Amino acid sequence: MELDHDKSVSSQVNPKKKGSLKDAAKRVMNCLIKKPKVRRKKVYWNKVDAKEGTVWSALQKLEVRLEHDADEFERLFSQAIDANKEIEKKAASQSASKGNKTVKVIDSKRGMNGDIILRKVKLSPAQAAQLVDCMDCGRLDAVELKSLLEFMPTEEEGRGLAAYLESSPSPRDEAIASMTPCEQYMAAMMDMKDAEKKLRSVIFLAEFKGRMNELKWDVDHLGAACHELRTSKRFHRLLAMILDLVNEINTGGEGGARAAGFTLDSLTKLSETKAFDNKTSVLQYLIKVIRKTNKDVLKFREDIKSVVLAKGVVMERLLTSAKQLCDDSRVVTETAKQDGDDYREFLKDPPTPKYKFRDVKAQRASVKELRDMVTFLHAKDVPVGQMETTHFERFALFSKLELQKALSV
């Protein structure tokens with residue numbers, strides 16, 4: 001029974017019904033006592049339909065329910081809202097927004113994602129720009145640096161930001177301060193010389209050790225496998241037996257043209273080719289004969305253990321990776337030289353805090369950092385460079401020498 005708050009309780013209750021007045025009073029009290037508002041956590045996932053034939057369709061038939069502690073669940077994923085505090089918070093937010101309006105120039109969703117990235121890396125737009133300009137990784141890893149690269153301004157965004165700054169009646173610094181953090185970062189990147197090249201170079205520095213370790217793993221195992229295949233006497237004897245048997249099968253021992261060798265991928269033909277009994281393959285026959293005549297040959301696998309490790313190495317991928325490293329190294333070398341030339345121009349003026357590794361102590365730190373990155377070279381081969389050489393110029397030369405050594409293995 002629903003009650004009208006504008007009418008009396010007695011007028012809405014049938015007195016003939018026993019207990020109706022008492023029940024009505026309870027309902028009135030329930031109307032007057034408001035349940036506290038609750039804020040619940042949300043999981044913003046992407047939903048899909050449980051179409052027939054999908055795993056979700058199958059799961060519906062299982063009727064699986066997750067047993068959980070209701071009290072713990074409520075404690076973790078719900079929170080009572082204090083109405084007074086919410087009102088105060090809303091008023092404070094409105095007051096702050098009135099006093100400090102933010103201008104949005106770029107796409108709002110992209111700008112919001114950029115703001116999130118800057119908060120995640122715990123850098124202000126100015127700090128992020130300074131890091132790139134100094135060509136320094138700081139405490140950021142390659143993934144975090146790549147996330148900054150994603151928010152380099154596009155041509156369209158650059159034009160929009162430039163138009164806003166030119167048309168703004170406020171001084172440039174104030175106009176930039178009125179932008180969102182992502183837009184401030186983009187504006188700083190626009191003002192920086194070779195900003196994208198510098199950021200890509202810093203990413204190369206952050207990834208270099210890991211990429212070289214991957215390259216070295218592939219090169220080392222491939223090299224070891226080739227060495228074992230070239231030096232295993234039992235494997236060579238096995239190849240000779242295969243060559244002799246297949247020549248015998250193909251020529252019938254009648255002096256026809258005999259093959260002098262075969263490609264390793266031809267070995268699969270031994271298991272595919274069967275005798276006239278349609279049961280025995282050439283491989284089965286070969287093993288049967290070897291077991292009778294020279295059983296030790298079948299232990300050749302003990303001589304080529306590295307082949308098992310190297311079977312996952314794809315030569316095409318290895319060459320592509322090495323080529324990409326060389327291409328990246330060339331770009332880094334050009335960028336580092338340009339930055340180094342700018343640094344040496346700065347040396348003619350009073351000292352600037354822009355560049356690190358510029359005194360004797362810092363130079364040693366620079367060399368030590370590069371020695372910690374050694375993969376193919378020896379520590380003694382790390383270039384020291386001149387005093388006026390920047391850390392990134394040393395790194396560019398170091399990466400070039402490392403790749404030359406890797407490709408000569």
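**Helix packing and a buried threonine**

Student: Why are α12 and α14 oblique to each other?

Tutor: They pack at an angle of about 120 degrees, and therefore count as oblique (the class left after under 35 for roughly parallel, over 145 for roughly antiparallel and 65 to 115 for roughly perpendicular). This is a predicted model, where local features need pLDDT of at least 70 and side-chain atom pairs 80 or more, while totals for chains, interfaces and linings use all residues. Residues are numbered from 1 along each chain, and side-chain values use heavy atoms, without hydrogens or water.

Student: Ok, how far apart are the axes of α12 and α14?

Tutor: 11 Å, with α12 spanning residues 233–251 and α14 residues 282–293 (helices are DSSP H or I runs of at least four residues).

Student: And which residues meet there?

Tutor: From α12, L238, M241, I242, L245 and I249; from α14, V282, Y285, L286 and I290 (contact is heavy atoms within 4.5 Å).

Student: Switching to T335: buried or exposed?

Tutor: T335 is buried, at 5% relative accessible area (the cut-off is under 20%, with a 1.4 Å probe). T335 sits in α16, residues 315–346.

Student: What does T335 touch?

Tutor: Leaving out residues up to four places away in sequence, T335 touches M135, K197, K198 and S201. A polar atom of its side chain also lies 2.9 Å from the backbone oxygen of V331.

Student: Last one: which residues of α7 are buried?

Tutor: A142, L145, S147, L148 and L149, in a helix running over 142–149. Their cover includes α5, α6, α10 and α11.

Technical notes. Helices (H or I, at least four residues) and strands (E, at least two) are DSSP runs, numbered from the N terminus. Buried means under 20% relative accessible area, exposed over 50%, partly exposed in between (1.4 Å probe, protein chains only). A polar contact is a pair of N or O atoms within 3.5 Å; within protein, one must be able to donate a hydrogen and the other to accept it, and residues adjacent in sequence count only if both atoms are side-chain atoms. Axes are lines fitted to C-alpha atoms, for helices over the stretch in contact, and angles run from 0 to 180 degrees between N-to-C directions.
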